[in-house]
There are 2 protein chains.
Amino acid sequence: MSVQGSRLDPWRESYAERTAGMTASEIRALFAVASRPEVVSLAGGMPYLPALPMDAVAETVQHLIATQGMTALQYGSGQGHPDLREHILEVMALEGIEAHADDVVVTTGSQQALDLVTRVFIDPGDVILAEAPSYVGALGVFSSYQAEVVHVASDDEGLVPAALEERITALEAAGKRIKLLYSVPNFHNPAGTTLALERRPQILEICQRHHILVLEDNPYGLLGFDRDPWPAMRSLSEEGVVYLGSFSKTFAPGLRVGWAVAPHAVREKLVLASESAILCPSNLAQMSISTYLSNNDWRGQIKVYRELYRERRDAMLGALESLLPEATWTHPDGGFYVWLTLPEGLDAKAMLPRAVTERVAFVPGTAFFADGSGAQHMRLSYCYPESDRIREGVRRLAGVIRAELEVRETFEPGTSARPSDRGVQFPGPEQP
Amino acid sequence: MSVQGSRLDPWRESYAERTAGMTASEIRALFAVASRPEVVSLAGGMPYLPALPMDAVAETVQHLIATQGMTALQYGSGQGHPDLREHILEVMALEGIEAHADDVVVTTGSQQALDLVTRVFIDPGDVILAEAPSYVGALGVFSSYQAEVVHVASDDEGLVPAALEERITALEAAGKRIKLLYSVPNFHNPAGTTLALERRPQILEICQRHHILVLEDNPYGLLGFDRDPWPAMRSLSEEGVVYLGSFSKTFAPGLRVGWAVAPHAVREKLVLASESAILCPSNLAQMSISTYLSNNDWRGQIKVYRELYRERRDAMLGALESLLPEATWTHPDGGFYVWLTLPEGLDAKAMLPRAVTERVAFVPGTAFFADGSGAQHMRLSYCYPESDRIREGVRRLAGVIRAELEVRETFEPGTSARPSDRGVQFPGPEQP
């Protein structure tokens, strides 16, 4: 008789090579911790659903099933329901995208779109370029397909075009096959920054010249606080961009509905890949969203979300300003996240156990790099906790940071208590 | 200016090698044809949803969103909602499976479970053994991961153990790496047969001896017409089987909810793979099913489906008996499908255009083989059309077959008009 935990895995010799790249993310373990009610979670990226008109949603879905249940509960199209694909065109028009419903592939959340694009383009060893830092969920997908992720330096205005060009040149000289540039241009996860308008055509031009497909991941684009949405990169290039959208942040994530817009031939491959992966996305989820968009003021609902998140962003920035002079951080004008840079020498991951003891959670910066860098950073989310809780969370976090600094001062006097002089310039992988 | 259709794909050099294995299935093109109302479709595998208590389902979901919307519409667990995993244990207990909720991974339909298992185990060139014929959707997944599918001869009682042993021995002698045996033991899609009870432990023993994991795909197990469900292979082996289940046939496919039960270490890898693929399955879909199972007589509903499909099976077998003496076919005692063998020399795929002109559709047998065999066969579904339509469909099909035979008799006199003397013995890949 063997103990469960020590039992050998009889299939350990049978796994595919790609499983070496499938490891539990740092966010995953945190979900368990962050769900305890006494913890102020600045870790998750959950939208604040109490802002939704829940009774109206409930009635929408009830009516849908009662009147169109034979379709809503049946198998559907692999590419996605035609009605929803039409609605998606309206949503994307807000960011200047002109497309045809035939260019849209509906997916099980935009995470599945990330999976499908990677599946269609990446052989083991192919290079994917990504911002530094980059979205942890995308890094997980890329790793599971054995891609080599190479980060490109990013600053307050997003990806730096000159750094992109330089990086591509070096990789090409080394004989690497660069397939994709993965970018979150608006209200970046985790950086909180937005790619400057004038950089967008520059980046597209560089990628076009080097025949690199741009994977534009845009879940937050409609959640800007102070202005109308900027034109998506897809609005500037039809053939050079695969665009990913999502209803998870503008409506609700529990339906798992996202989409991809791709050049014609790529779209065909994405549909085949999706049929292989899931047969078809849920008709019930798709038709629920179509019906909601038809019968409700969805633009008004997005405005409700924007104002809510702006207030919380203000609460977080105000609390950081007054409580954490030792650190620096980004100033997002949309989305869910602030990227915080700790005083020189501090390690966010090493601080996490103490932070949880003090009832506050965050995501350590290393989660957002494929190469182990990012230790001096953390991602703070202001999307889910209410403003008072955000301030309390930052207060607890400031206490943890101060305690870490005191420990450091005791053992290594004279080395800390000042933010990195790099400010909010993010480390590329070439930096320590 | 170039015409859309003739435009070159600018990304044609960029696709991953695996895309060579992603091709449109024969079922896919058929879905468009079969949806025209004048066509009797004996092609699709859609459950007959009018048998569901649609108003009760609508109210269940309405109440769920109104009272638990904050959870139902939010992100959930990558492994699946704990309540649903508990309910799944009750469902599987009907087939003798003892498991723990921690062993269950909820997926976006059991198609996603097929994808995840293949992703976790298959490197390009690895061998997957499968019945002859085998489920077209599984063959598509296997091909997209560049597996080599090797069919094993099957007869009226399912997979033939001696043929399995022989095939494994030959493959091992050729230095092949055999990872999985894929089997649909109950009411097989497309064969309509059920793996004999006494063969189940024999097959498990053979696979265990050769260290091959059994992938038991069981969407139809509870839809037997004349008896209680037989024990699943998973009930005989906890460590040697990954079991796949689905609510698509016993409840409704539009929610896209299936599951896998796997040995502990394999389950951990499946959860990581699923988080990478979709982050998490839909809480709304999962909680809708949980609530439905809690508040409704789901066993009674399955009985309603069983009786409905039994009546349609009888209609189809009766019509075949009286209208198609030239052919042979299987006699399913559950599930959705009859596997029909044409008179020697006829080719089901070649007949399909004429059949569609005559307003009847089926799936050609070649769809169910990875190696191009199966031309003399077709799959007929009795799940969706009502009995009168089934009889009319078989009448039209008989007309098409007779016309084909007449053409054949005219050009090659004396060669046809008798069923294959192999009867319902299915061809293995070694046969012409």
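# Reading a two-chain model, feature by feature

Me: Let's start with a helix. How long is helix H10 of chain B, and what span would be expected for it?
Reply: Helix H10 (residues 298-323) of chain B has 26 residues, and from its first C-alpha to its last it reaches 37 Å. That is close to the 38 Å expected at 1.5 Å a residue. Keep in mind that this is a predicted model.

Me: How do I read which way the residues of a helix point?
Reply: An α-helix has 3.6 residues a turn, so residues three or four places apart point the same way. In H10(B), the buried residues are B:Tyr309, B:Arg312, B:Arg313, B:Ala315, B:Met316, B:Ala319 and B:Leu320.

Me: What covers those buried residues of H10(B)?
Reply: The cover includes E10, E11, E14 and helix H12 (387-411) of chain B.

Me: Some of those are strands. How should I think about strands that sit side by side?
Reply: Strands of a sheet pair through backbone hydrogen bonds, either parallel or antiparallel. Here in chain B, 4 strands make an open sheet in the order E10-E11-E14-E13, and the pairing is antiparallel. Its edge strands are strand E10 (328-329) and strand E13 (363-364) of chain B, each pairing on one side only.

Me: How many bridges link E11 and E14 of chain B?
Reply: There are 5 bridges between strand E11 (residues 337-341) and strand E14 (residues 377-381) of chain B, in the antiparallel sense. To find the pairing by eye, look for B:Val338, which stands opposite B:Leu380 in E14(B).

Me: Over to chain A. What is it built from, and how compact is it?
Reply: Chain A has 12 helices and 14 strands. Its radius of gyration is 22 Å, close to the 22 Å that the globule rule gives for 432 residues, so chain A is as compact as a globular protein of that length. Along the principal axes, its C-alpha atoms fill a box of roughly 70 × 65 × 55 Å. Buried residues account for 56% of the 432 residues in chain A. Contacts reach across the sequence too: of those between residues at least 6 apart, 78% join residues at least 24 apart.

Me: In what order do the strands of the 8-strand sheet in chain A run?
Reply: That open sheet has the order E2-E9-E8-E7-E6-E3-E4-E5, and its pairing is mixed. At the edges are E2 and strand E5 (158-159) of chain A, each pairing on one side only.

Me: Can you walk me through one end of it?
Reply: E2(A) runs antiparallel to E9(A), joined by 4 bridges. Along that pair, A:Val104 stands opposite A:Val261, and A:Val105 stands opposite A:Ala260. Strand E8 (residues 241-246) of chain A also pairs with E9(A) in the antiparallel sense, over 4 bridges. There, A:Tyr243 stands opposite A:Val261.

Me: How do side chains sit on a strand?
Reply: In a regular strand the side chains alternate between the two faces of the sheet. Take strand E9 (residues 258-261) of chain A: A:Gly258 and A:Ala260 point one way, A:Trp259 and A:Val261 the other way, and all are buried.

Me: Now both chains together. How are two copies related?
Reply: Two copies of a chain are related by a rotation about an axis and a shift along it.

Me: What does the interface look like from chain B?
Reply: In chain B, 68 residues are in contact with 68 residues of chain A. Several helices of chain B each supply at least two residues to that side, including helix H4 (109-121) and helix H8 (264-278). H2(B) gives the largest share, 12 residues. By class, the side of chain B that touches chain A has 38 nonpolar, 17 polar and 13 charged residues.

Me: Why can we say the copies meet through the same surface?
Reply: Because 99% of the interface residues of chain B are also interface residues in chain A.

Note on methods:
Residues are numbered from 1 along each chain as its sequence is written. Chains are lettered from A and ligands numbered from 1 in the order in which they are written. This is a predicted model: local features need pLDDT of at least 70, side-chain atom pairs count only at pLDDT 80 or more; totals for chains, interfaces and linings use all residues. Two strands pair if DSSP finds at least two bridges between them. Two residues are in contact if their C-beta atoms, placed from the backbone, lie within 7 Å. Ala, Val, Leu, Ile, Met, Phe, Trp, Tyr, Cys and Pro count as nonpolar, Asp, Glu, Lys and Arg as charged, and the others, Gly among them, as polar. The radius of gyration is taken over C-alpha atoms; the globule rule is 2.2 Å times the number of residues to the power 0.38. A residue is buried if 20 or more other C-beta atoms lie within 10 Å of its own, exposed if 12 or fewer, and partly exposed in between; C-beta atoms are placed from the backbone. The expected span of a helix is 1.5 Å times one less than its number of residues.
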